[in-house]
Amino acid sequence: MIKAGIIGAGGISSSYMSAAENLSGVEITCMADLVAERVEKFEEKYEIKSYREYGKMIDAEMLDAVIIALPHSLHRDVVIDCCKRKLHVLVEKPMAVSSLECEAMIAAAKAQDVKLMVGHIQRYFPENRKAKEIIQSGEFGKLTMIVDIRNNDYFTSERPQWFFNPKVSGGGIFMNYGAHSLDKIMWLTDSKVKNISGKIGYYAEGMSVEGNAQAIVELENGITAVVSQCGYKGDIRNETQIYMTKGTLTLCTGKGLYMDKGKGYEEVFVRQDGKAFERQLISFIKSIEEDREPEITGHYGRDIISAIERVYGCTNQGT
């Protein structure tokens, strides 16, 4: 049994708590958050111990691991601190706000011989897994290119305000959703980003983070992808078009998978469960129990941040 605590009582922590309730290999016993009201809600619902300071929680509890679900700019220091305390770490994506911060986190985990896994969730969704299975089967021929579209209102009042502070969030829609898109593309193709360029836009009044982004990606295996994201009001979409020589797959993450071999779209897979976070936790637990490298390494998380930085750099240079 892996005994774990959560640092950060935001919305994503509910997903981890629900997942752990259904698993036999991990027990989440405590949670820390600076805002007492947030963490006390979890304490009451799940009968766990609550703390205002994560350091006090770690000192008081005999933990094996922590799950870090904090604003992005806090990831580096908290991960390093937890590694120094010999705790295995699962940190939410994006890994950090810069690739240099990612390197520091990787080095800390290596120095203390603890596991560092990044919470890139895309590979654990069943419809995404089915899409990769079909790609690898060769049923639709060879993969040629990918178009990933993510549109929704990014600037809703429900989103915590720290997302709109670039010093805390690291950026806007491309740092947040772009990390998902790049993860999905890299995982589906089993390839790293070779070249990437793009542009971001600031059209949300009064906001200092970008609300739209487009990027052109060339992978090391020669496949190309286009990522388009729009965070303003209008069409809501989360679709990945996967073009192959014998047909097309339309992956609607969160819903299902559709195919077209020239006779119109047919449904081939409907989401069957909501157990992505359970699968992710199981993967993390097994890396600890079996003393092996996590499925989603710090190096993988760093590569995604590096790609995001290159798109931001293109915009800053006016290219």
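Q: How far apart are N and O where the side chains of E290 and R292 meet in a salt bridge?
A: This is a predicted model. Side chains of opposite charge can pair when their charged atoms come close. The cut-off for a salt bridge is 4 Å from nitrogen to carboxyl oxygen. E290 and R292 meet this, with an N to O distance of 2.9 Å.

Q: Is R292 buried, partly exposed or exposed?
A: Buried means under 20% relative accessible area, and exposed means over 50%. R292 has a relative accessible area of 29%, so R292 is partly exposed.

Q: Which residue forms a salt bridge with D81?
A: D81 has a relative accessible area of 22%, which makes it partly exposed. The closest N and O atoms are 3.4 Å apart, and the partner is R85.

Q: How many residues apart are K184 and D148?
A: Their side chains meet in a salt bridge, 3.7 Å from N to O. The pair links distant parts of the chain: K184 sits in helix α8 (residues 173–189) and D148 in strand β7 (residues 143–151). Both K184 and D148 are buried.

Q: Which residues of helix α4 are buried?
A: Helix α4 covers residues 75–84. Elements covering its buried residues include β1 (2–7), α3 (54–60) and α5 (99–112). The buried residues are H75, V78, V79, I80, C82 and C83.

Q: How many salt bridges does a search of the whole structure find?
A: Some salt bridges form a network, linking E103, K192, R302 and D303. The search of the whole structure finds 22.

Definitions and conventions
Residues are numbered from 1 along each chain as its sequence is written. This is a predicted model: local features need pLDDT of at least 70, side-chain atom pairs count only at pLDDT 80 or more; totals for chains, interfaces and linings use all residues. Side-chain values use heavy atoms; hydrogens and water are left out. Buried means under 20% relative accessible area, exposed over 50%, partly exposed in between (1.4 Å probe, protein chains only). Helices (H or I, at least four residues) and strands (E, at least two) are DSSP runs, numbered from the N terminus. Contact means heavy atoms within 4.5 Å.
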